Structures are given as C-alpha cells and as structure tokens.
Amino acid sequence: MIGADTPQQVLGKNIYDVIASDDRQRFQTFNEAICRGECRSLEFDIVGLTGTRRHMETHAVPLPYGNGIIVHLAVTRDITERSRSGRRIAAQHAITRILAQSEALSEAAEPVIRALCCTGEWQFGAFWEINGKQLNCINTFPSFAFPELAGTTSSAVFHKGIGLPGRVW
C-alpha cells in the first residue's frame, strides 16, 4: 500500500510520515485514543513512498503488550476505488439535478463544472459548447483561483478538424 520494495524501507520508521499531512493530526488523535483503550474506526489518506495517494479505512483495537503498555492493533484496507466510485455517483446525481432544473445549457454550465470539480477533486474545469463548426468555452470554474488559465481558456476557439480538440469532436 505504501510502495515499499523492501522491509528495510519501512522498519523502524514512524507511520505518521506516510499519513497525508491534512489527515495527520486526526490520525494521531485516533492512535492516542486506541492506546488509551478505545476501539475506533477511521478513514484517512496516505501518501506512499512513490508519492501515490490512497484513501484508507482502518479498524483498530487496543492490544495489551505487557507491563501496562497498550499498543494499537489495526486492520487497514485501501478504499481508494470505492471512494472514487462514490464521488462519481455523487457527481452524476448532482449534474442530473442541475440539468433537470436548468432551462438552458449556458445556465447549467457553471453549476455543472462546480459539481465536477468538487466531487472529482479537480482544481479547474471548463465547459465547452459546439457552436456551428467551432468549439467555444462558455464557462470555467473556479476562474478566480487561476485567472490567467481561465482567461486563456475562455478566449480559446477550436475549429472542427484542426488540432487535437478539433479532431475529437
């Protein structure tokens, strides 16, 4: 799960080093609760030795180790695909609702891109429309976060049959 080729790459290392920085404090609190004698479950992300991010689910119990010491015993599994699938379904439902409530495609563009960006964890999205023999960007999200990219994308026009965008539609 963490991409180690040999046991030596991980033996004696601190598990907190592979916990994603935005989940590290939550994981540490979780670990401390287990070592106090509580049973708990947690979903969190790890970033493996090769930089691959994975979404994990763990179920942990306290395990008496001797001399009054309690350690953390856990069963952990990779639920990355399950999480992605859930986000895709959420995006499908959100987009279906947006399209059903919109009178025009141009009205739905920004909410559709927002739903895709938020559920797909994308940093930027663009909504394109075929207008005659050209492809035009009709909206971007979030345009405030990437103003130069949003401006360039919004002003781009692709003609049918020219360049990669023109050949794929």
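Predicted model: local features only at pLDDT ≥ 70, side-chain atom pairs only at ≥ 80, totals over all residues.
Cys137 counts as buried, since its relative accessibility is 10%. The structure as a whole holds zero disulfides, and Cys118 is likewise in none, the nearest cysteine sulfur, again that of Cys117, being 6.7 Å away. Cys118, however, has a relative accessibility of 53% and therefore counts as exposed.

Cys117 itself belongs to the largest nonpolar core, a set of 11 residues that also includes Ala94, Ile95, Ile98, Phe127 and Phe141. Two or more residues of this core are given by each of two elements, helix H2 (80–101) and helix H3 (105–120), and the largest share, six residues, comes from H3.

Helix H3 has 16 residues and spans 21 Å from its first C-alpha to its last, which is close to the 22 Å expected at 1.5 Å a residue. Within H3, the buried residues are Ala108, Ala109, Val112, Ile113, Ala115, Cys117 and Thr119. In an α-helix there are 3.6 residues a turn, so residues three or four places apart point the same way. The cover over the buried residues of H3 includes helix H2, together with strand E4 (125–131) and strand E5 (134–141). After H3 comes Glu121, whose phi is positive, near 55°.

Technical notes:
Residues numbered from 1 in each chain as written. Heavy atoms only, no water. Core = buried A, V, L, I, M, F, W, Y, C linked by side-chain atoms within 4.5 Å. Buried < 20%, exposed > 50% of the residue type's maximum accessible area, 1.4 Å probe, protein only. Helix = DSSP H or I, 4+ residues; strand = E, 2+ residues; numbered from the N terminus. Disulfide = S-S within 2.5 Å. Expected span 1.5 Å × (residues − 1). Contact = heavy atoms within 4.5 Å.
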